[in-house]
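Here is a friendly tour of one protein model, written for someone who likes to know the cut-offs behind each value. Please keep the structure open as you read.

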Amino acid sequence: MTIRFIRFDIYFLVYILYNVKMYLLVDSKNRISNSLNSSDFYVNCDQLNDSRKFSQLRIVRVQIPGSFYNVNSTNNILYVSQVDASGMGQPVETIYTIILTKGNYNIQSLASTIQALVRDQTQLADFTVTYSEITGKLTFTTEQADYTFSFLGGVGYLNNILDVIGFDDANTTVGQSITGRYMVDFTGTGNFYIRLNTSQGNVYSDATDGWTDICAVIPASEVPFQNVNYQPIRPFAIPTYGFAGLHIRLTDVQNRLIDLNGHDWQMDIELT
């Protein structure tokens with residue numbers, strides 16, 4: 001019994017020695033000088049013990065400030081096609097690029113902003129935007145007899161707001177009244193994706209139809225200006241083979257950087 005106990009104790013000691021956990025506390029404000037911003041930055045890890053070869057990393061805690069907008073540089077443009085049939089010849093189409101100020105909008109402020117901008121920048125002087133509390137959809141209307149309009153989407157129409165206001169990213173129907181196919185979508189960012197240069201080919205994404213450098217997926221808050229605090233029960237275990245530095249990116253599902261408007265964020269990485 002004594003020998004067996006000693007052997008078990010030695011085995012347990014070896015297990016502990018080779019399964020020591022270390023934690024790397026990362027704050028984007030401590031990024032090195034060649035970093036782009038707080039969503040695309042580098043950190044040095046020179047003080048990690050080079051003799052200890054970690055085999056896995058896990059992101060165990062994340063705190064992101066609520067400084068991101070639901071209407072931002074990726075979705076703040078409305079492309080309006082206006083057709084004027086008042087003349088004697090062929091109807092004349094004019095395309096307008098309506099740019100919304102970046103910010104956090106609710107239903108009322110979004111509807112009133114779009115209505116004011118379209119009235120101001122097109123010939124649709126009576127253009128109205130109404131919201132149905134029953135369906136959750138927006139309806140866009142003009143009563144000018146000689147005019148019709150549509151919203152444009154697809155290739156070439158970048159940073160489109162169509163998915164926010166209830167449409168697919170494609171040209172809408174043409175008419176004097178258009179109602180969104182879907183409810184207004186204020187999820188904005190949707191999810192945060194943390195990407196590390198140490199993770200290559202470990203997580204498959206159907207959005208890009210390929211293997212990615214994603215290490216964590218974090219639900220974004222739908223409440224404006226509310227911080228996001230994330231502590232997963234079972235964080236992804238990402239294989240790693242040692243590193244002297246990290247390249248960290250915070251993106252949306254389409255791999256576009258999240259704009260935190262100059263604010264910083266933090267995360268804790270567990271190394272085993």
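The sections below go from the whole chain to its cores, one of its sheets and its cysteines.

## Ground rules

This is a predicted model, in which local features need pLDDT of at least 70 and side-chain atom pairs count only at pLDDT 80 or more, while totals for chains, interfaces and linings use all residues. Residues are numbered from 1 along each chain as its sequence is written, and side-chain values use heavy atoms, with hydrogens and water left out.

## The whole protein

The protein has 3 helices and 17 strands; helices (H or I, at least four residues) and strands (E, at least two) are DSSP runs numbered from the N terminus. Of its 272 residues, 43% count as buried, where buried means under 20% relative accessible area, exposed over 50% and partly exposed in between (1.4 Å probe, protein chains only).

Among contacts (heavy atoms within 4.5 Å) with a separation of 6 or more, 67% come from residues 24 or more positions apart.

## Two nonpolar cores

A nonpolar core here is a set of buried Ala, Val, Leu, Ile, Met, Phe, Trp, Tyr and Cys residues joined through side-chain atoms within 4.5 Å. The largest one has 34 residues, and V62, F192, I194, I248, W265, M267 and I269 have the most contacts inside it. Elements giving two or more residues to this core include β1 (22-27), β3 (56-64), β10 (191-196), β16 (245-251) and β17 (266-271).

A second, separate core has 29 residues, including I107, L110, L117 and F140.

An open sheet of 3 strands has the order β5-β4-β8, with antiparallel pairing; two strands pair if DSSP finds at least two bridges between them. β5 (92-99) and β8 (147-151) are the edge strands, each pairing on one side only. From one strand to the next, the twist averages 25°.

Strand β4 (residues 77-84) is joined to β8 by 5 bridges, and Q82 stands opposite F149 in β8. Helix α2 (residues 107-121) lies across β4 and β5, running at about 135° to β5. Such axes are lines fitted to C-alpha atoms, for helices over the stretch in contact, and angles run from 0 to 180 degrees between N-to-C directions.

## Cysteines

How many disulfides does the rule count? With a disulfide taken as a pair of cysteine sulfur atoms within 2.5 Å, the count comes to 0. C45 counts as buried because its relative accessibility is 5%, and C215 counts as buried at 2%.
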